[in-house]
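Open the structure in your viewer and get ready to select residues. We will go one stop at a time.

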Amino acid sequence: RSKRRGRGQVTVYTREIAQEMQHATLLEQALRNAIINDAVDVHFQPIVNLKNETVLGFEALARWIDPELGFVSPAVFVPLAEERGFIDTLSETLLRKAAEAALSWPRETFLSFNLSSAQLTDPATASSILAILGRIGFDPHRLVLEITETAVVTSADTAHCIIAELRRAGVRIALDDFGTGQSSLGRLRDFAFDKVKIDRAFVSRLASDPASEHIVRAIVAMCEGLQLQVVAEGIEEVTEVKILKALGCSIGQGYFYGRPADSAATLAYLKERNVELAAAD
Ligand code: C2E
Ligand code: MG
Ligand code: MG
Ligand code: MG
């Protein structure tokens, strides 16, 4: 194939790859340093009861602003940490920070934390998570771990064991980005989940595309039958709230209710709502 394209193009092609690799290595170094220097932060986005707007919990979202590279999306640096083999270090730092912040929240609120698919191939993940919670004194019953369909497909047996161990300790499991993965509906039965998060793609099309409405209605009905909680992601408009409520979905998150914010702003958000915070002890 390279012969037909001619020499020149092959050279350009390899140079592009070389540049990409160089950039990835630059990012990797910067990210490793940021972890060491405690420069990777966690923000929190409220998850609310759509009927009365009470705050049920928050999803932790990793944030990193490099002095030179600027804002780098977690959709970029989380997969990079996975590829380069330090997702466990990154994730431990993030969970510690998130759980420490969540200690100040009302005790009945939960912390939702994203687990990367690579972590579900590592048998040490469950005990490592529980050890962090133990050290901080964060009740595992208040933790929800968000995992994606890919994670469950790639290493099914190990993932099974990790999930089982965590659930025995009281941790709940949410299937994130539901509807976008390549797994079959049967996964929902094979794996013990507590919640399903409907991907933003369906929510954002609710008002304009009748097909999305049918899909969401079907997901809600299925989850009801399986006794799984349903959470709608990416709610931006009041119209979406109305449709979701009509479809029987009663929990959601999105810019309409609050953007991800740092721990201080999150406390202020709770105080504004007159939510009683946990007493410091
Ligand atoms: P996710 O877990 O599905 O998180 C939801 C994403 O949607 C977040 O993007 C959030 O900021 C964004 N979002 C929330 N509400 C709205 C809305 O109303 N409109 C729009 N347009 N977007 C909304 P973010 O923070 O950029 O994170 C992207 C992805 O990176 C996450 O998707 C998750 O897969 C991953 N990620 C983020 N933090 C972590 C982490 O601490 N650990 C791991 N393993 N992955 C993380
Ligand atoms: Mg998530
Ligand atoms: Mg999601
Ligand atoms: Mg996602």
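**Stop 1: the largest pocket**

This is a predicted model. Start with its largest pocket, which holds about 1,100 Å³ of space. Now select Glu 59, Leu 61, Pro 74, Asn 114 and Asp 176. Of the 38 lining residues, these are the closest to the pocket's centre.

What classes of residue make up the lining? Colour by class and you will find 16 nonpolar, 12 polar and 10 charged residues.

**Stop 2: the magnesium ion (ligand 2)**

Select the magnesium ion (ligand 2). Which residues coordinate this ion? Show Glu 59 (OE), Asn 114 (OD1), Glu 146 (OE) and Asp 176 (OD), with distances of 2.0 to 2.3 Å. Along the sequence, these donor residues follow the spacing E-x54-N-x31-E-x29-D.

Is Glu 59 buried or exposed? Its relative accessible area is 4%, so Glu 59 is buried; the cut-off is under 20%. Asn 114 has 27% relative accessibility and therefore counts as partly exposed.

**Stop 3: the bridge**

Asp 176 bridges the magnesium ion (ligand 2) and the magnesium ion (ligand 3). Those two ions lie 3.8 Å apart.

Notes
Residues numbered from 1 in each chain as written. Chains lettered and ligands numbered in written order. Predicted model: local features only at pLDDT ≥ 70, side-chain atom pairs only at ≥ 80, totals over all residues. Heavy atoms only, no water. 1 Å grid on protein atoms, 1.4 Å probe; cavity = no way out; pocket = protein on both sides within 12 Å on 5 of 7 lines; lining within 4 Å. Points joined across faces, edges and corners; volume = space filled by probe spheres on them. Nonpolar A, V, L, I, M, F, W, Y, C, P; charged D, E, K, R; others polar. Donors = N, O, S within 2.8 Å, 3.2 Å for Na, K, Ca; no water. Buried < 20%, exposed > 50% of the residue type's maximum accessible area, 1.4 Å probe, protein only.
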